[in-house]
Amino acid sequence: MKNVGRVVAFSGALMAIVITVASVGWFFTYSVPGGGSISLGLCGLSSPGDFFIRFYLDARAAELEQPAGSDDTLVTFVVEPGETAAEIAVRLKQEGLISDAELFRRYVQYHGLDAGIEVGEFTLCQTMAIPEIAQALQQGQRPEQLVTIQEGLRLEQVAAVVADQTNIPQDEFLALATTGWHDAGFTFDFLADLPPAATLEGFLFPETYRLPEEATGVDLLSRMLGTLDARLTPEMRVAAADRGLSVYELVSLAAIVEREAVLALERPVIAGVYHNRLEAGWFLGACPTVQYAMGTSDNWWPQFTLEATELDSPYNTYRNLGLPPGPICSPGLASIQASAYPADTDYYFFLVDCAKNDGSHLFAVTEEEHLSNYRMCGGGVP
């Protein structure tokens with residue numbers, strides 16, 4: 001019995017020593033003046049302070065996974081240079097993104113995430129739990145510019161949009177896209193198809209682009225051309241070549257389809273009509289090419305009239321055979337695909353369906369059928 005008593009006494013004493021050491025560790029870890037800490041790591045194991053933080057976090061595990069609110073509206077949270085994890089935690093709570101600043105601070109401290117919080121802008125919301133927010137703060141978002149180019153815009157319109165949505169001046173971008181691109185060092189293969197005096201009309205691929213805050217016109221042009229290069233798959237280029245079209249001619253045709261088509265399902269049919277007319281050696285008779293020739297800074301896409309078919313311009317496809325000298329706008333991927341893979345159709349004519357008035361068209365095989373549709377619609381612009 002004496003031996004048993006000694007064992008019990010020894011165990012109690014050992015436990016008291018461990019608790020004392022842990023308490024001292026806790027004290028030194030969180031009581032050093034100036035916010036520092038003293039490591040009491042034992043043989044490479046976690047410090048006693050870590051043990052108590054782990055116990056604290058385990059006890060509040062449910063709260064860690066509980067978002068601060070139900071509002072999923074994205075908000076921008078900015079971490080400023082020199083901010084500590086404790087200061088960040090307080091601001092997160094003040095902005096309603098977390099419900100407990102101390103819990104957040106202890107979580108990032110225990111997992112070593114406090115040192116990884118970066119300076120920058122972050123997109124957060126109330127429905128993110130503390131672990132999600134802690135991870136999100138590990139990668140700062142640099143200030144950036146966002147520009148969205150819509151399908152069917154001509155070069156001058158694209159330049160205006162770029163100037164409106166970024167720090168890139170309109171004149172600078174326009175100069176680069178008309179002549180300056182020759183000296184910009186772009187190495188995309190399809191540029192070899194462009195005539196020597198060609199602008200980048202049609203090749204400014206419509207897309208949303210994220211740019212660094214300090215981006216230049218060359219940077220944006222490079223992304224636009226790179227995006228088009230990626231969208232123009234080898235299969236599409238081969239399909240165009242099989243129809244006798246270079247990439248430049250494919251984009252030129254797609255630009256017309258872009259301005260003509262309203263309904264997605266009609267794009268391949270409209271492209272098929274133009275392919276048929278090209279193969280038959282007919283005038284394309286495409287209204288948008290004439291509108292392009294008529295366009296001015298006051299109205300880049302004026303109303304088409306029958307009188308306009310007499311306009312003296314190489315872009316007037318009522319008077320000039322074949323495709324126009326170049327693209328008339330920036331076509332989207334759907335129009336490029338439709339032009340590379342047109343519908344197999346017998347149609348040679350089409351005009352706007354005046355009865356439906358939903359952007360659809362009336363297609364015709366013969367000129368007689370086309371004129372009948374024309375008269376049915378009151379003899380207006382075909």
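Trainee: Where is asparagine 320 found?

Mentor: Asparagine 320 sits in the loop between helix 13 (287-294) and helix 14 (333-340); helices (H or I, at least four residues) and strands (E, at least two) are DSSP runs, numbered from the N terminus. This is a predicted model, in which local features need pLDDT of at least 70 and side-chain atom pairs count only at pLDDT 80 or more, while totals for chains, interfaces and linings use all residues. Residues are numbered from 1 along each chain as its sequence is written, and side-chain values use heavy atoms, with hydrogens and water left out.

Trainee: Why is asparagine 320 called partly exposed?

Mentor: Its relative accessible area is 30%. Buried means under 20%, exposed over 50%, and partly exposed in between (1.4 Å probe, protein chains only). Asparagine 320, at 30%, is therefore partly exposed.

Trainee: Which residues is asparagine 320 in contact with, leaving aside its neighbours within four places in sequence?

Mentor: Phe283, Ser313 and Pro314, where contact means heavy atoms within 4.5 Å. Asparagine 320 and glycine 285 are 35 residues apart in sequence, with 8.9 Å between their C-alpha atoms.

Trainee: What does the side chain of asparagine 320 reach at 2.9 Å?

Mentor: The backbone oxygen of serine 313. The side chain also reaches the backbone oxygen of asparagine 316 at 2.9 Å.

Trainee: What makes glutamate 102 and arginine 105 a salt bridge?

Mentor: Their closest N and O atoms are 3.3 Å apart. A salt bridge is a side-chain nitrogen of Lys or Arg within 4 Å of a carboxyl oxygen of Asp or Glu, so this pair qualifies. Because they are three residues apart in helix 5 (residues 101-110), about one helical turn separates glutamate 102 from arginine 105. Glutamate 102 is partly exposed at 33% relative accessibility, and arginine 105 is partly exposed at 23%.

Trainee: How many salt bridges does the structure hold?

Mentor: Twelve. Glutamate 207 forms one of them with arginine 231, with the closest N and O atoms 2.7 Å apart. That pair links distant parts of the chain, 24 residues apart: glutamate 207 is in the loop between helix 8 (170-178) and strand 4 (208-212), and arginine 231 is in helix 9 (residues 217-231).

Trainee: How do you know that glutamate 279 and arginine 243 meet in a salt bridge?

Mentor: The N to O distance is 3.8 Å, so the pair falls within the 4 Å limit. This pair too links distant parts of the chain, with glutamate 279 in helix 12 (residues 267-280) and arginine 243 in the loop between helix 10 (234-242) and helix 11 (247-260).

Trainee: Is glutamate 279 buried or exposed?

Mentor: Exposed, at 58% relative accessibility. Arginine 243, at 39%, is partly exposed.

Trainee: Which residues are linked in a network of salt bridges?

Mentor: Arg60, Glu63 and Asp100.

Trainee: Which residues line the largest cavity?

Mentor: Glu63 is among them, along with Gln66, Pro67 and Ala68. A cavity is a set of points, on a 1 Å grid over the protein atoms alone, where a 1.4 Å probe fits but cannot get out; lining residues have an atom within 4 Å of a point. The largest cavity has a volume of about 30 Å³, a volume being the space filled by probe spheres set on the points, with grid points joined across faces, edges and corners.

Definitions and conventions
A polar contact is a pair of N or O atoms within 3.5 Å; within protein, one must be able to donate a hydrogen and the other to accept it, and residues adjacent in sequence count only if both atoms are side-chain atoms. On a 1 Å grid over the protein atoms alone, a cavity is a set of points where a 1.4 Å probe fits but cannot get out, and a pocket is an open set with protein on both sides within 12 Å along at least five of seven lines; lining residues have an atom within 4 Å of a point.
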